[in-house]
Amino acid sequence: MKSHVWRPLFVALGLVILILVARAFVVPADFGIGERGYMYGWHRKGNEEEWKKVSVKYKTKAYCKECHGKKVESIGRSPHGVLQCENCHGPALDHPKDPPTLTIDRSRKLCIRCHAKLVTPSSGRSKIRGIDPETHNPEAECSLCHDPHHPNLEELKRHE
């Protein structure tokens, strides 16, 4: 065979060897090894202790319910019941040890994420009542008129 065939073959072979050698130094020995042999994924037995030291930023509704049970139950019966508290209130990291860290975002942008009217409705989100943020009280915060914890109250008021 001519050298123009052998050279690229040696280069490719050299790259493969280089990658395998680099992998031996870079990838931890216990990567991909599980109780049942080789497994795909990022879990490693060797760094479980490292992960235990990482503080969880989001705590879920169950955590909020410990102190705010009535509020969580009440919201659970509303259209916003499908949302986690932290979607609007931010991560509960260090709450209640440091209550000021749990900010209450009353910004219009927060509500508009879900309640802006879709120009081309094509998903389940199109079933959410939407507004045109440019024309619907553009200077006001939504919570001045709407109670995010009880969005159905507006429905009841309209039908009275």
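1. A salt bridge joins the side chains of Lys 52 and Glu 49, with a nitrogen-to-oxygen distance of 3.3 Å. The structure, which is a predicted model, holds 1 salt bridge. Both partners belong to helix α2 (residues 48–53), where they stand 3 residues apart, about one turn of the helix. Lys 52 and Glu 49 are both exposed.

2. Glu 86 is buried and yet has no salt bridge. The nearest side chain of opposite charge belongs to Lys 59, at 7.4 Å, whereas a salt bridge requires a side-chain nitrogen within 4 Å of a carboxyl oxygen.

3. What does the side chain of Glu 86 reach at 2.9 Å? It is the backbone nitrogen of Ala 92. A polar atom of the Glu 86 side chain also lies 2.8 Å from the backbone nitrogen of Lys 59. Leaving aside residues up to four places away in sequence, Glu 86 touches Lys 57, Tyr 58, Lys 59, Thr 60, Pro 91 and Ala 92.

4. A further point concerns the surface. A nonpolar patch is formed there by Trp 6, Leu 9, Phe 10, Leu 13, Ile 17, Val 21, Phe 25 and Val 26. Together these residues have about 870 Å² of accessible area.

5. Ile 17, one of the patch residues, is placed in helix α1 (residues 3–26). Its relative accessible area is 48%, so Ile 17 is classed as partly exposed.

Methods:
Residues numbered from 1 in each chain as written. Predicted model: local features only at pLDDT ≥ 70, side-chain atom pairs only at ≥ 80, totals over all residues. Heavy atoms only, no water. Patch = residues over 30% accessible without salt bridge, like charges linked within 9 Å, V, L, I, M, F, W, Y side chains within 5 Å. Areas by Shrake-Rupley, 256 points an atom, 1.4 Å probe, with all protein chains shown as cover. Helix = DSSP H or I, 4+ residues; strand = E, 2+ residues; numbered from the N terminus. Buried < 20%, exposed > 50% of the residue type's maximum accessible area, 1.4 Å probe, protein only. Lys, Arg positive; Asp, Glu negative; His and termini not counted. Polar contact = N/O pair within 3.5 Å; in protein donor to acceptor, adjacent residues only side chain to side chain. Contact = heavy atoms within 4.5 Å.
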